[in-house]
Protein chains: 4
Amino acid sequence: MIVSLQPDIQPTEIQKINSLLMEHSWKVTEVLTQRGRYLVGLGSSEIDIRRVGILPGVKDVHRVKDAYKLVSREWKVHPTTIDLGSGIKIHEGECAIMAGPCSIEGQEQAEVIADLLVSQGVSIMRGGAFKPRSSPYSFRGMGLEGLKIFYDVARSRGLKVISEVLEISQIEEMYDYIDIYQVGTRNSQNFSLLHELGRVDKPVLIKRGMSGTLEELLQSAEYVFSNGNENLILCERGIRTFEKAYRNTLDLNAVPVLKEKSHLPVVVDPSHGIGVRRFVEPLTLAAVMAGADGVLLEIHPKPEEAASDGAQTLNFEESARLFDGIRRTVNLRKELELVA
Amino acid sequence: MIVSLQPDIQPTEIQKINSLLMEHSWKVTEVLTQRGRYLVGLGSSEIDIRRVGILPGVKDVHRVKDAYKLVSREWKVHPTTIDLGSGIKIHEGECAIMAGPCSIEGQEQAEVIADLLVSQGVSIMRGGAFKPRSSPYSFRGMGLEGLKIFYDVARSRGLKVISEVLEISQIEEMYDYIDIYQVGTRNSQNFSLLHELGRVDKPVLIKRGMSGTLEELLQSAEYVFSNGNENLILCERGIRTFEKAYRNTLDLNAVPVLKEKSHLPVVVDPSHGIGVRRFVEPLTLAAVMAGADGVLLEIHPKPEEAASDGAQTLNFEESARLFDGIRRTVNLRKELELVA
Amino acid sequence: MIVSLQPDIQPTEIQKINSLLMEHSWKVTEVLTQRGRYLVGLGSSEIDIRRVGILPGVKDVHRVKDAYKLVSREWKVHPTTIDLGSGIKIHEGECAIMAGPCSIEGQEQAEVIADLLVSQGVSIMRGGAFKPRSSPYSFRGMGLEGLKIFYDVARSRGLKVISEVLEISQIEEMYDYIDIYQVGTRNSQNFSLLHELGRVDKPVLIKRGMSGTLEELLQSAEYVFSNGNENLILCERGIRTFEKAYRNTLDLNAVPVLKEKSHLPVVVDPSHGIGVRRFVEPLTLAAVMAGADGVLLEIHPKPEEAASDGAQTLNFEESARLFDGIRRTVNLRKELELVA
Amino acid sequence: MIVSLQPDIQPTEIQKINSLLMEHSWKVTEVLTQRGRYLVGLGSSEIDIRRVGILPGVKDVHRVKDAYKLVSREWKVHPTTIDLGSGIKIHEGECAIMAGPCSIEGQEQAEVIADLLVSQGVSIMRGGAFKPRSSPYSFRGMGLEGLKIFYDVARSRGLKVISEVLEISQIEEMYDYIDIYQVGTRNSQNFSLLHELGRVDKPVLIKRGMSGTLEELLQSAEYVFSNGNENLILCERGIRTFEKAYRNTLDLNAVPVLKEKSHLPVVVDPSHGIGVRRFVEPLTLAAVMAGADGVLLEIHPKPEEAASDGAQTLNFEESARLFDGIRRTVNLRKELELVA
């Protein structure tokens, strides 16, 4: 059960709702986000929600049977819009493009990519400053200095930046140089990190774990939301299966299913989802037809020389062709009224 | 290595090629199909293929590094067209629709479905007569009698029929009442059945095993091809993963990868691939954008009353809407020049 | 629900039970096996089983909630013993050893292996005559001729033989040269084959599918049982996972769980379960401690020269050492009263 | 390549080795641990290691082909012993028992469990203070206060304590109240946390990720080792598969394979590995036969009332029986000379 509260509700009024629910053996968690104030109730005993709804200070009450609550579409049927400012948004019905290099490599690289994005009408640039690498001996990214360069290049061109955060201490460090925090697949259930991201007033994109269920991804989002941050994006990026012909197995089933379960936008990362450059185009367009609200793409002026993930990275010609394809596919999706 | 032979090659000439290859420690298998005559060589030692190419009776020679040979695109770069007669074909560049009930239930059901297909311009009707069921106590289909009814209804309307074959003895039984034999996911490595299907002069569609690799699927196709039948179709139908939110996980990565590896047409079964009716539409259109040469769809006038698989079956209104969507998506795919 | 019937029950009496159950919307299947006569009821409506129990001709009645029925331990709490004659048995509390080559290669090979088994007190010899191979170009076994040689060698030394059957037509062919039919992992859901094996009066060992659930394995056994053959053995042989360090992932969880779910003996194939010769010993002994009623082992006088699967095959010294280890582990298992 | 250096090696001498390797295009990382000083070289060009070995300050040089280096058994063939003091050790040849509650619940619970362990001769107590939970609304543990109570109870009885660390800031907080840090399955690739644990002079146990490969687990250990801490333990705890009959699928193949690949001790967590109380005993003993150097077990005076994971937790009677079984199984393992 989710009880939305009036902003000016009095502590004694909250206490009253709490008491009523606890009488019925419900466990209650108070949630205060940047947008609202809620009581999240967990329980199974019968209770007439109208008895809660008429209490002073209550805006409305919804039953939510899912194990996750605040991210569930049972409660909030209208899809969430992530507003990045300057008219740049991620939301149902469109397909936001977030493109850029796997690793930030320096000023010049950032500039040529940013220029391409601007020329192609793409508004969000992705790039890794802190890289999670399986081996401690691999290149772990340029770090904060790289991010600062990247952000300056982006901001001077009106682009927004998304980049991965690996640990709690980086949240504050990165704050001034980022528009969306990305939580990678290996940190999909790093609950300490997710909890802290609840305190931040910038959007968070959470990737599904390598073998994470949709339920787990939604619970990870619930961690952030219930600690204060409602600006969340879910991301399918391929799961781990027995098949060895590709790096990961992109699971497009997840797209319409996540969108039905949650009001949060759902984006897809086809670059990691298949991991092979020449197949990124068809899988990206497939993701759009499956209903993706956005895509994350790895691009580079010279993929062969990229500091990481070159094998799944598009060059500029391929990128431009794909951006055009995405837009035309979104148009078809609208004509077919596939996504509300 | 694949050596294509002239149709009129003499036994002594074949012997000569054999000898040359065996001298170089290559193992040779003679293959005679309904379309051609080949020698398939397995080996690793160096040999100048021009020495083979100039021998009498040899049409051409190709190196094929893949473990599968005759189904490989390394050898045959032009895609295979499955010609069902009456102008009905399955091939790269288009998207053949194969639709119908999971189980054949009788004359009336067959008629209303056939009429829908005809009215919608769909040319291939699917329907199960012999049903593989996990439990011996479940409905196992109407059998041959059902197939006969189904085929009569289809033929009288100009439709082609695809239906699943479960065992060797059914190959002959079904022969007069079928246009495409379907090998189901549980028989994907039933090599005895595949071998026998090599003797038949009708196309065979092979579904990927529940946890079958692409390599295994291609080797299964190689079984049929090397025993004589070149008319083969590969089918992705969802794999088994840890995710419990859907029946199977549709693997659209498989589509472009299979098409690169093989010259055979690749079709997708989104009904089984996600197993939830309301998500069949977006996944089908995603499959088309991923490059599918065809789709298999479960439809029924009253899905709620279907003898099997009702939960993933579309009603007529949904079907008509989806057929239209498929065609418009294929058009976009052509405009974008995604598939040659 | 399972209703055990008296052997001399009259058709009218069966009809009466049927009617009573059908009145309560239960679906009834009559099962006649080589050992008994049963009615298997599927339904969910409430019915007092004592009303069935007192009907003439009824031996006893049990509720069985599992989806599989006759193989369930809910009904038959005493474990099934497979009696191969000459005092050779497979049953709970002991650990039958079934050892031999992956592929039968000829008289001499059969003799040296049989001699080893006899000298080591092992009573059951395994060996493949018909080999399911992923590629049509691989060695597919010596066929029936090989099996005849193998069986003669075994019988002359008092050994029993287990060998894989691939298709229905082989059931009769193999009948005189075999003591246990083995159904391989790729045929684990070949329902036509399973159905036909129900007619045979020799034991059948069914391997779990590569990605088969325990529930599916039990349903496959139910196919054989419900068509007449109660002499069944379940076999865990490793499942397919994302891990690439070994051929398969042996799932020893399956052993105690299958034994709780079913009255059938459960054996383990560690050779395929890990696929690496030097690890077969620890995994075999682990399987024994997990509760296995038997093990299937690949052994060969010269594993390096084996026609197939040499990489997971033990030589004679390793075999003798392992047979001894198995026996001592079974003794410890008895002392610890791990298995009833 | 791993170059072990003399403790008193001079910077100019290190520089010389570096230069030689870099001349051959090798990438070199300097590693200083609490026990030694190394150069880790990554490269593929040919180099005569004797040329490195004779340089001043070099103790010895080994080629290591594995992607992980310092944790590889290619370099260090003698198994690592984890010495916890007071004669309590974890090492090859024995099987250390680490038992205790899933969650620390308070003084009384800690005392009765500690008393049981002492009476049973078990020396290491496990218990969670910080609990990673899928849902933010679940009990997340008593935190540091719980750990202090737990540690006091343990220390007063001569027991060692292992407990899970979730984030970097907890490393220092927990330091005085812990003997082994546990990194859970969800943090198995939390490289920031692993890196920081390299600075600590207490052992670290790293659990395999839910779908982590053995290679990834070894690389995670390499993170800790290469940042200074050689006291590492690897833990198999069940992987995620398609099978729904149990919480996880315990992968005992991993035990001998990890032990061959690495010199680090390998322990098993059967409680999570199967997740069902009545099957923990056979799977634990199977793990011992597979070669485990230790086991992690969840026990509780009243499993039904445990704050978490009660379904997989043993009561005291079951625990005592299992501890005895483990010892007798280790004895058999020694007699059979399964583990060196």
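Buried means under 20% relative accessible area, with exposed over 50% and partly exposed in between (1.4 Å probe, protein chains only). This is a predicted model, where local features need pLDDT of at least 70, side-chain atom pairs count only at pLDDT 80 or more, and totals for chains, interfaces and linings use all residues. Residues are numbered from 1 along each chain as its sequence is written, chains are lettered from A and ligands numbered from 1 in the order in which they are written, and side-chain values use heavy atoms, without hydrogens and water.

Helices (H or I, at least four residues) and strands (E, at least two) are DSSP runs, numbered from the N terminus. What does S7(C) pair with? Five bridges join S7(C) to strand S14 (residues 294-298) of chain C, and the two run parallel; a pair needs at least two DSSP bridges. In S14(C), Val295(C) stands opposite Ile97(C). S7(C) is also joined by two bridges to strand S8 (residues 124-126) of chain C, again parallel, and Ala99(C) stands opposite Met125(C) there.

Now chain A. It has 11 helices and 14 strands. Buried residues make up 65% of its 340 residues. The C-alpha atoms of chain A fill a box of roughly 65 × 45 × 40 Å along the principal axes.
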